[in-house]
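This report walks through one protein chain, from its overall layout to single residues. Keep the structure in view as you read.

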Amino acid sequence: MKVDFFNPQIYDAQVQIFKVLTHPARLAILDILRNGDHCVCHIEAHLGYRQAYISQQLAVLREAGLIQDQREGWNIFYHVTDPRIYDVLDALRQMTGEQAAPGQSKAVICNCPKCSG
Ligand SMILES: [Zn+2]
């Protein structure tokens, strides 16, 4: 008698998103994009990672479809494509009891177009 096992492919899209989330820098970037679109230099100023490293993580997030980029003049701004990702992240934060995001600390001196403009 043939047993109909479930088809693991029904989880493919979810697995892809979870894979991308298994990285502290990517979670931190998503948290920074929580309050709107930002450029690489803003993320760099607030996280302290080098720009090349941030660009690498942004590329992973973009390829997974979690963020999109938009050019404005000389700058490229990134925004989250579907804010429901924050429902997932908020639920995880509540489950783990971990501290709130690396925020938009006022103490950080940021020269990005939004902060300095
Ligand atoms: Zn800024």
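A residue counts as buried if 20 or more other C-beta atoms lie within 10 Å of its own, as exposed if 12 or fewer do, and as partly exposed in between; the C-beta atoms are placed from the backbone. The model is a predicted one: local features need pLDDT of at least 70, side-chain atom pairs count only at pLDDT 80 or more, and totals for chains, interfaces and linings use all residues. Residue numbers start from 1 along each chain as its sequence is written.

## Overall layout

The chain has six helices and three strands. These are DSSP runs, numbered from the N terminus: helices are H or I with at least four residues, strands are E with at least two. Along the sequence the pattern is α-α-β-α-α-β-β-α-α. The radius of gyration is 17 Å, well over the 13 Å that the globule rule gives for 117 residues, so the chain is more spread out than a compact globule. That radius is taken over C-alpha atoms, and the rule is 2.2 Å times the number of residues to the power 0.38. Along the principal axes, the C-alpha atoms fill a box of roughly 70 × 35 × 20 Å.

Of the 117 residues, 15% count as buried. Two residues are in contact if their C-beta atoms, placed from the backbone, lie within 7 Å. Of the contacts with a separation of 6 or more, 63% join residues 24 or more positions apart.

## The sheet

The three strands form an open sheet in the order β1-β3-β2, with antiparallel pairing. Strands β1 and β2 are the edge strands, and each pairs on one side only. Two strands pair if DSSP finds at least two bridges between them. The table lists both pairs.

| β1 (residues 38-39) and β3 (residues 75-80) | antiparallel | two bridges | His-38 with Tyr-78 |

In general, strands of a sheet pair through backbone hydrogen bonds. The hairpin of β2 and β3 has two residues between the strands, and Gly-73 takes a positive phi near 65 degrees there.

Val-80 is found in strand β3. Is Val-80 buried or partly exposed? Val-80 has 18 C-beta neighbours inside 10 Å, so it counts as partly exposed. Leaving aside neighbours within four places in sequence, Val-80 is in contact with Leu-30, Leu-33, Leu-66, Ile-67 and Ile-85. Val-80 and Asn-35 are 45 residues apart in sequence, yet 9.8 Å apart in space, C-alpha to C-alpha.

## The core and α4

A nonpolar core is a set of buried Ala, Val, Leu, Ile, Met, Phe, Trp, Tyr and Cys residues joined through C-beta atoms within 7 Å. The largest one has 12 residues, among them Val-20, Ile-43 and Tyr-78. Helices α2 (24-32) and α4 (51-63) are the elements that give two or more residues to this core. Ile-43 is in contact with Ile-29, Ile-32, His-38 and Ile-54, leaving aside neighbours within four places in sequence.

Which residues of α4 are buried? They are Ile-54, Gln-57, Leu-58 and Leu-61. Seen down the helix axis, the buried residues of α4 fall within an arc of 105 degrees, so they line one face. The arc is that of the directions from the axis to the C-beta atoms. These buried residues pack against α1 (12-21), α2, α3 (40-47), β2 and β3. The face turned away carries the exposed residues Ala-52, Gln-56, Ala-59 and Glu-63. After α4 comes Gly-65, with a positive phi near 80 degrees.

## Helix α5

Helix α5 (residues 85-96) has 12 residues, which should span 16 Å at 1.5 Å a residue; its end C-alpha atoms are 17 Å apart, which agrees. The expected span is 1.5 Å times one less than the number of residues. Helix α5 is hardly covered: its count of buried residues is zero. Gly-97 follows α5, with a positive phi near 70 degrees.
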